[in-house]
Amino acid sequence: MRIKFKSGTTVSPPSANSPLIRCDNDPNMRDYFGCAFYQAPPVLDYSAKANIGDFNAHVARAQQSGLPGAPNGAPLNRVYEPTISQNRRGACGPVTGPRETVSCDEYPFGSSDQGGRVGGPYTGPARTYNGCQIPMLPSRPLLQSPVEYYNNLGHSVCLIPKSQNNRAGTFLSWFYTQSRVIAGDKFYVKAQ
(Lines give C-alpha, C1' and ligand atoms only; values in the text may rest on other atoms or scores of the structure.)
Protein backbone atom coordinates (compact mmCIF):
# COMPACT_ATOMS: atom_id res chain seq x y z
CA MET A 1 0.00 0.00 0.00
CA ARG A 2 1.17 3.51 -0.76
CA ILE A 3 -0.29 6.77 0.46
CA LYS A 4 0.02 9.91 -1.64
CA PHE A 5 -0.59 13.27 0.02
CA LYS A 6 -1.83 16.45 -1.73
CA SER A 7 1.68 17.84 -1.46
CA GLY A 8 2.90 15.02 -3.71
CA THR A 9 4.73 13.18 -0.97
CA THR A 10 4.29 9.43 -1.13
CA VAL A 11 4.85 7.09 1.79
CA SER A 12 4.64 3.35 2.17
CA PRO A 13 3.67 2.16 5.65
CA PRO A 14 5.43 -0.90 7.04
CA SER A 15 3.98 -4.20 5.97
CA ALA A 16 1.74 -5.98 8.41
CA ASN A 17 0.04 -9.31 8.68
CA SER A 18 -3.67 -9.44 9.05
CA PRO A 19 -4.89 -11.22 12.21
CA LEU A 20 -6.10 -14.77 11.83
CA ILE A 21 -9.82 -15.36 12.07
CA ARG A 22 -11.48 -18.58 13.18
CA CYS A 23 -15.01 -19.31 12.04
CA ASP A 24 -16.93 -22.16 13.62
CA ASN A 25 -20.35 -23.69 14.10
CA ASP A 26 -20.04 -24.67 17.76
CA PRO A 27 -23.36 -26.13 18.99
CA ASN A 28 -22.56 -25.01 22.57
CA MET A 29 -22.78 -21.34 21.60
CA ARG A 30 -26.02 -19.37 21.60
CA ASP A 31 -25.38 -18.48 17.97
CA TYR A 32 -24.05 -21.67 16.41
CA PHE A 33 -22.19 -19.90 13.61
CA GLY A 34 -19.66 -17.16 14.25
CA CYS A 35 -16.11 -15.91 13.84
CA ALA A 36 -13.48 -14.55 16.22
CA PHE A 37 -9.93 -13.22 16.32
CA TYR A 38 -8.97 -16.22 18.43
CA GLN A 39 -5.27 -15.31 18.77
CA ALA A 40 -6.16 -12.16 20.73
CA PRO A 41 -7.61 -13.46 24.02
CA PRO A 42 -10.46 -11.21 25.18
CA VAL A 43 -10.68 -9.65 28.64
CA LEU A 44 -13.84 -9.78 30.73
CA ASP A 45 -13.76 -6.50 32.67
CA TYR A 46 -15.81 -6.89 35.84
CA SER A 47 -14.21 -3.82 37.45
CA ALA A 48 -16.71 -1.40 35.91
CA LYS A 49 -19.82 -3.51 36.63
CA ALA A 50 -22.23 -2.30 39.31
CA ASN A 51 -23.68 -4.32 42.20
CA ILE A 52 -21.03 -7.08 42.31
CA GLY A 53 -18.60 -5.70 44.91
CA ASP A 54 -18.23 -8.91 46.91
CA PHE A 55 -17.73 -10.91 43.72
CA ASN A 56 -15.08 -8.45 42.48
CA ALA A 57 -13.28 -8.55 45.83
CA HIS A 58 -13.20 -12.35 45.77
CA VAL A 59 -11.81 -12.55 42.22
CA ALA A 60 -9.22 -9.84 42.96
CA ARG A 61 -7.99 -11.63 46.11
CA ALA A 62 -7.92 -14.98 44.28
CA GLN A 63 -5.78 -13.48 41.51
CA GLN A 64 -3.52 -11.76 44.08
CA SER A 65 -2.95 -15.17 45.66
CA GLY A 66 -1.41 -16.35 42.39
CA LEU A 67 -4.37 -17.94 40.63
CA PRO A 68 -4.42 -17.44 36.84
CA GLY A 69 -6.67 -15.24 34.71
CA ALA A 70 -5.49 -11.69 35.42
CA PRO A 71 -4.58 -9.63 32.33
CA ASN A 72 -0.84 -9.85 31.58
CA GLY A 73 -0.69 -13.16 33.48
CA ALA A 74 -1.53 -16.75 32.68
CA PRO A 75 -4.89 -16.99 30.88
CA LEU A 76 -7.92 -19.12 31.65
CA ASN A 77 -9.21 -21.61 29.07
CA ARG A 78 -12.89 -22.29 28.50
CA VAL A 79 -14.41 -25.77 28.97
CA TYR A 80 -17.90 -27.29 28.59
CA GLU A 81 -19.87 -29.97 30.44
CA PRO A 82 -19.18 -32.37 32.10
CA THR A 83 -16.02 -30.53 33.22
CA ILE A 84 -18.04 -27.51 34.43
CA SER A 85 -20.05 -29.66 36.86
CA GLN A 86 -16.89 -31.47 38.01
CA ASN A 87 -15.19 -28.10 38.70
CA ARG A 88 -18.15 -26.74 40.66
CA ARG A 89 -18.51 -29.95 42.67
CA GLY A 90 -14.76 -30.00 43.43
CA ALA A 91 -14.66 -26.36 44.54
CA CYS A 92 -18.03 -25.73 46.20
CA GLY A 93 -19.19 -29.26 47.01
CA PRO A 94 -17.28 -29.38 50.32
CA VAL A 95 -18.63 -25.95 51.41
CA THR A 96 -21.44 -26.38 53.91
CA GLY A 97 -23.86 -24.00 55.60
CA PRO A 98 -27.16 -22.25 54.94
CA ARG A 99 -27.58 -20.89 51.43
CA GLU A 100 -30.79 -18.82 51.57
CA THR A 101 -29.17 -15.52 50.61
CA VAL A 102 -25.59 -16.50 49.76
CA SER A 103 -24.00 -18.85 47.26
CA CYS A 104 -20.58 -20.37 46.85
CA ASP A 105 -18.46 -18.50 44.36
CA GLU A 106 -15.47 -20.37 42.97
CA TYR A 107 -12.48 -18.96 41.14
CA PRO A 108 -11.15 -19.90 38.63
CA PHE A 109 -14.61 -20.27 37.16
CA GLY A 110 -16.19 -23.67 36.81
CA SER A 111 -16.32 -23.00 33.07
CA SER A 112 -12.51 -22.80 32.88
CA ASP A 113 -10.02 -25.66 32.60
CA GLN A 114 -8.27 -24.19 35.65
CA GLY A 115 -11.36 -24.82 37.84
CA GLY A 116 -11.43 -26.83 41.06
CA ARG A 117 -12.18 -30.37 39.88
CA VAL A 118 -10.51 -33.14 41.80
CA GLY A 119 -7.66 -34.65 39.82
CA GLY A 120 -7.70 -31.90 37.19
CA PRO A 121 -4.51 -30.52 35.65
CA TYR A 122 -4.55 -27.52 38.01
CA THR A 123 -5.40 -29.40 41.23
CA GLY A 124 -3.85 -27.74 44.24
CA PRO A 125 -4.72 -26.16 47.56
CA ALA A 126 -8.09 -24.52 48.00
CA ARG A 127 -8.16 -21.15 49.74
CA THR A 128 -10.56 -18.66 51.25
CA TYR A 129 -10.35 -15.22 52.89
CA ASN A 130 -11.55 -13.16 55.84
CA GLY A 131 -15.22 -12.32 55.42
CA CYS A 132 -15.98 -15.28 53.15
CA GLN A 133 -17.92 -17.13 55.87
CA ILE A 134 -16.15 -20.40 55.05
CA PRO A 135 -14.33 -22.22 57.86
CA MET A 136 -10.63 -22.80 57.46
CA LEU A 137 -9.58 -26.43 57.11
CA PRO A 138 -6.09 -27.92 56.71
CA SER A 139 -6.93 -28.41 53.03
CA ARG A 140 -8.38 -24.89 52.72
CA PRO A 141 -6.17 -22.21 54.33
CA LEU A 142 -7.58 -18.83 55.30
CA LEU A 143 -5.49 -16.15 53.60
CA GLN A 144 -5.43 -12.73 55.19
CA SER A 145 -5.94 -9.46 53.30
CA PRO A 146 -3.92 -8.13 51.66
CA VAL A 147 -3.17 -11.47 50.08
CA GLU A 148 0.43 -12.28 49.41
CA TYR A 149 1.48 -14.61 46.63
CA TYR A 150 0.44 -18.20 47.34
CA ASN A 151 0.65 -20.25 44.12
CA ASN A 152 -0.98 -20.69 40.72
CA LEU A 153 -2.60 -24.07 41.42
CA GLY A 154 -5.82 -24.81 43.24
CA HIS A 155 -8.91 -22.68 43.59
CA SER A 156 -10.56 -20.11 45.80
CA VAL A 157 -14.03 -20.18 47.39
CA CYS A 158 -16.11 -17.48 49.05
CA LEU A 159 -19.75 -17.19 50.06
CA ILE A 160 -21.16 -14.05 48.44
CA PRO A 161 -24.71 -12.72 47.97
CA LYS A 162 -26.66 -14.88 45.51
CA SER A 163 -27.73 -11.81 43.56
CA GLN A 164 -24.10 -10.84 42.91
CA ASN A 165 -23.08 -14.36 41.94
CA ASN A 166 -26.01 -14.62 39.54
CA ARG A 167 -25.27 -11.18 38.04
CA ALA A 168 -21.58 -12.04 37.56
CA GLY A 169 -22.55 -15.35 35.94
CA THR A 170 -24.83 -13.53 33.52
CA PHE A 171 -21.95 -11.21 32.55
CA LEU A 172 -19.71 -14.26 32.02
CA SER A 173 -22.27 -15.98 29.78
CA TRP A 174 -22.76 -12.79 27.75
CA PHE A 175 -18.97 -12.35 27.47
CA TYR A 176 -18.54 -15.88 26.10
CA THR A 177 -21.21 -15.21 23.49
CA GLN A 178 -20.08 -11.72 22.48
CA SER A 179 -16.38 -12.62 22.33
CA ARG A 180 -17.03 -16.03 20.76
CA VAL A 181 -15.02 -17.87 23.42
CA ILE A 182 -15.36 -21.60 22.74
CA ALA A 183 -13.82 -24.67 24.37
CA GLY A 184 -10.04 -24.36 24.60
CA ASP A 185 -9.99 -20.61 23.92
CA LYS A 186 -7.95 -18.36 26.20
CA PHE A 187 -9.46 -15.41 28.06
CA TYR A 188 -8.67 -13.05 30.93
CA VAL A 189 -10.64 -11.56 33.81
CA LYS A 190 -10.16 -8.08 35.24
CA ALA A 191 -11.52 -7.40 38.73
CA GLN A 192 -11.26 -4.39 41.05
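Start with the three strands of an open sheet, ordered β5-β11-β6 with mixed pairing. Strands here are DSSP E runs of at least two residues, helices are H or I runs of at least four, and both are numbered from the N terminus. Two strands pair if DSSP finds at least two bridges between them. This is a predicted model, where local features need pLDDT of at least 70 and side-chain atom pairs count only at pLDDT 80 or more, while totals for chains, interfaces and linings use all residues. Residues are numbered from 1 along each chain as its sequence is written, and side-chain values use heavy atoms, with hydrogens and water left out.

Select the edges: β5 (43-45) and β6 (76-77) each pair on one side only. β5 and β11 run parallel, over three bridges. Find leucine 44; its bridge partner in β11 is valine 189.

Beyond its neighbours within four places in sequence, valine 189 is in contact (heavy atoms within 4.5 Å) with Leu44, Tyr46, Val59, Gln63, Gly69, Ala70, Pro71, Leu76, Tyr107 and Phe109.

Next, the largest nonpolar core. Such a core is a set of buried Ala, Val, Leu, Ile, Met, Phe, Trp, Tyr and Cys residues joined through side-chain atoms within 4.5 Å. Buried means under 20% relative accessible area, with a 1.4 Å probe and protein chains only. Of its 24 residues, Tyr46, Phe55, Tyr107, Phe109, Phe187 and Val189 touch the most other members. At least two residues each come from α1 (53-64), β10 (155-161), α3 (162-178) and β11 (186-190). α3 gives the largest share, five residues. Apart from this core lies another, of eight residues, including Ala91, Cys92, Cys104 and Val157.

Move to α2, residues 83-92. Thr83, Ile84, Asn87, Gly90, Ala91 and Cys92 are buried there. They sit on the same side of α2, because they cover an arc of only 165 degrees around the axis, taken from the directions from helix axis to C-beta atoms. Their cover includes β7 (102-107) and β10.

Last stop: β3 (22-25) and β4, antiparallel over four bridges. Cysteine 23 stands opposite cysteine 35 in β4.

Note on methods. Buried means under 20% relative accessible area, exposed over 50%, partly exposed in between (1.4 Å probe, protein chains only).
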